[in-house]
Amino acid sequence: MDTPVRTWQPGPGLAAAPARSGVVDLGSNSVRLVVFEGLGRNPQAIFNEKAVLGLGRGLQSTGRLNEEAIGPALTVLARYHAVARAMHADPIEVLATAAVRDASNGPDFVAALESRMPGVPIRILTGEQEAAFSAAGVLLGFPGADGILGDIGGGSLEVVRLDAGRPGRSRSLPLGVIRLAERSGGDVVRARAICEEELGAVPWLAEGAGRDLYLVGGAWRALARMHIAQTGYPLAIVHHYVLRREEARDLAGVVMAASRRVLERMPGAPQKRLADLPFAALAMRRLLRATGAARVVFSANGLREGWYAGLLPEAERLADPLLSAARELALRWGRDPGLPQALLAWTDPVFAGQDNGARALREAACWVSDIGSHDHPEYRAEQAFLRILRQHGVGLDHHARAFLALVAALRYEAEPGAPWLAPTRVLLDLPTIRRAEALGAALRLAYTLCGGTPALLAGTRLERQGGRLVLRLAEGTGVFAGESVLRRVEALGAALGLEAVVQVEED
């Protein structure tokens with residue numbers, strides 16, 4: 001039966017949780033501990049350790065957890081308990097998924113685990129709860145997600161309908177990569193028939209036609225990493241990595257048809273997951289067919305981030321993730337937290353008429369425009385560029401990363417042909433690069449005028465008057481039209497296709 005996804009909310013007191021929290025994802029194939037720092041819109045995982053144990057291997061035939069994996073699992077989980085306590089993580093919780101909930105010896109395993117992790121809640125999730133956590137995690141990174149979510153593990157596949165950022169119906173299916181391999185006897189052709197039958201029983205998956213298919217789970221992330229490695233894509237970040245429908249189909253087809261020996265030689269192929277890859281590829285291809293999705297969007301966010309989202313105050317959870325990530329960088333690396341909003345207002349007349357998305361990017365660029373202030377002058381441009389391009393940010397797609405990084409580099413006077421700027425030429429189209437160049441020139445002029453202080457910036461003003469760009473300077477405020485100011489206002493005018501004029505006004 002289809003069930004509506006209900007976002008889990010913390011109980012009384014959890015919203016005021018201490019600075020660190022920890023969650024153990026106890027899955028059919030692997031077990032992982034993540035410790036998060038703080039309670040911000042952009043989750044900061046300061047510890048992330050995984051052990052591939054195969055606890056759910058053999059479950060399909062025996063109905064029991066893998067006896068050979070139980071001892072190692074208890075040892076690993078005892079270590080995770082020690083790590084989390086040593087890091088002062090509170091709350092800590094264990095989330096057990098398909099293998100533990102379906103195994104006849106699951107209760108005995110949980111009892112043994114409780115003795116190894118005293119005082120730690122161990123929650124055996126239902127399929128509905130697993131789907132709800134996954135949806136909450138994906139929506140933390142993709143607030144407006146629209147389409148179908150698929151979260152594959154070792155034992156189950158959770159599918160959720162997402163409607164413009166709202167979770168809807170969900171279903172848990174016995175199509176995890178381990179279970180699918182065992183149900184099919186390791187035969188990919190038989191596995192395809194099993195997938196078609198299970199997915200065919202969920203008719204609302206077709207509501208994803210023309211929308212996005214959001215994929216969560218280690219096996220699917222492995223496929224994304226393989227594609228990144230094979231295509232020479234310039235950013236090795238799976239989160240927000242996008243494949244067109246035909247690209248995803250082709251990738252799946254190649255992996256499904258490859259022998260183990262061929263898979264071993266494929267760039268980016270994880271050696272510990274080689275046996276799972278053909279079944280992960282098959283499940284992706286069948287789900288793509290069942291949904292009719294136009295694109296595949298990979299998410300590094302899932303169950304664990306969904307659990308974390310439940311700790312956040314509502315206002316924090318609903319904040320814009322792009323601006324949250326930009327503010328975090330500014331507060332860590334910048335000089336004056338009052339300057340970014342002043343820069344946004346100062347650049348408004350130059351970029352009037354922007355839509356909400358473009359203005360949000362400009363605001364984020366203002367926030368990150370000073371993050372190289374503490375770096376060596378010879379490397380400020382490159383350091384700022386790489387820091388932004390590779391920063392952790394759940395709401396930053398690859399386009400936004402490249403745009404913000406390029407703006408910051410140009411604000412620090414990077415040479416447009418610098419080799420380390422090459423990723424932007426792949427990730428951005430020419431009109432977007434031109435917009436970044438104009439914004440970078442505007443911010444470079446602003447910092448030349450004000451030295452990074454809102455007080456001095458207040459003595460200046462930019463205006464567009466027909467075909468002219470006018471910089472107005474208030475006399476006696478500490479700013480003047482020196483050679484560097486004249487050169488940079490002319491550069492901004494050229495970037496905008498406008499004649500540059502400087503006017504000094506009496507105080």
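Biologist: How many of the 14 residues of H18 are buried?

Modeller: In this predicted model, 13 of the 14 residues of H18 are buried, so the helix is largely enclosed by the rest of the structure.

Biologist: What end-to-end distance does H18 have, and what should it span?

Modeller: H18 covers residues 398-411, and at 1.5 Å a residue it should span 20 Å. The C-alpha atoms at its ends are 20 Å apart, which agrees with that expectation.

Biologist: Which residue caps the N-terminal end of H18?

Modeller: Asp397 does, through a side-chain oxygen that lies 3.2 Å from the backbone nitrogen of His399.

Biologist: And what follows H18?

Modeller: Glu413 follows H18, and the phi of Glu413 is positive, near 65°.

Biologist: Let us turn to H20. How many residues of H20 are buried?

Modeller: Of the 21 residues of H20, 15 are buried, so this helix too is largely enclosed by the rest of the structure. H20 runs over residues 430-450 and reaches 30 Å from its first C-alpha to its last, close to the 30 Å expected at 1.5 Å a residue.

Biologist: Which residue follows H20?

Modeller: Gly451 follows H20, with a positive phi near 65°.

Biologist: On to the cysteines. How many disulfides does the structure hold?

Modeller: The structure holds zero disulfides. Cys366, for instance, is in no disulfide, and the nearest cysteine sulfur to its own is that of Cys450, 11 Å away.

Biologist: Is Cys366 buried or exposed? And Cys450, buried or exposed?

Modeller: Cys366 is buried, with a relative accessible area of 1%. Cys450 also counts as buried, at 1% relative accessibility.

Biologist: Now the sheet. In what order do the five strands stand?

Modeller: The order is E4-E3-E2-E5-E6, in an open sheet with mixed pairing. Strand E4 (44-52) and strand E6 (122-124) stand at the edges with a single partner strand each, so one side of each is left without a neighbour in the sheet. From one strand to the next, the twist averages 15°.

Biologist: How many bridges join E3 to E4?

Modeller: Eight bridges join E4 to strand E3, which comprises residues 30-37, and the two run antiparallel. Arg32 stands opposite Lys50 in E4.

Biologist: Where does Asn301 lie?

Modeller: Asn301 lies in the loop between strand E12 (295-298) and helix H12 (303-309). Asn301 is buried, with a relative accessible area of 4%.

Biologist: What does the side chain of Asn301 reach?

Modeller: The side chain of Asn301 reaches the backbone oxygen of Gly137, at 3.0 Å. Leaving aside neighbours within four places in sequence, the contacts of Asn301 include Val138, Leu140, Gly141, Val216, His239 and Val394.

Biologist: What does Leu113 touch?

Modeller: Not counting residues up to four places away in sequence, Leu113 touches Leu26, Leu74, Leu77, Val94 and Ile122. Leu113 and Val94 are 19 residues apart in sequence, and their C-alpha atoms are 9.9 Å apart in space.

Notes
Residues are numbered from 1 along each chain as its sequence is written. This is a predicted model: local features need pLDDT of at least 70, side-chain atom pairs count only at pLDDT 80 or more; totals for chains, interfaces and linings use all residues. Side-chain values use heavy atoms; hydrogens and water are left out. Helices (H or I, at least four residues) and strands (E, at least two) are DSSP runs, numbered from the N terminus. The expected span of a helix is 1.5 Å times one less than its number of residues. Buried means under 20% relative accessible area, exposed over 50%, partly exposed in between (1.4 Å probe, protein chains only). A polar contact is a pair of N or O atoms within 3.5 Å; within protein, one must be able to donate a hydrogen and the other to accept it, and residues adjacent in sequence count only if both atoms are side-chain atoms. Contact means heavy atoms within 4.5 Å. Two strands pair if DSSP finds at least two bridges between them. Axes are lines fitted to C-alpha atoms, for helices over the stretch in contact, and angles run from 0 to 180 degrees between N-to-C directions. A disulfide is a pair of cysteine sulfur atoms within 2.5 Å.
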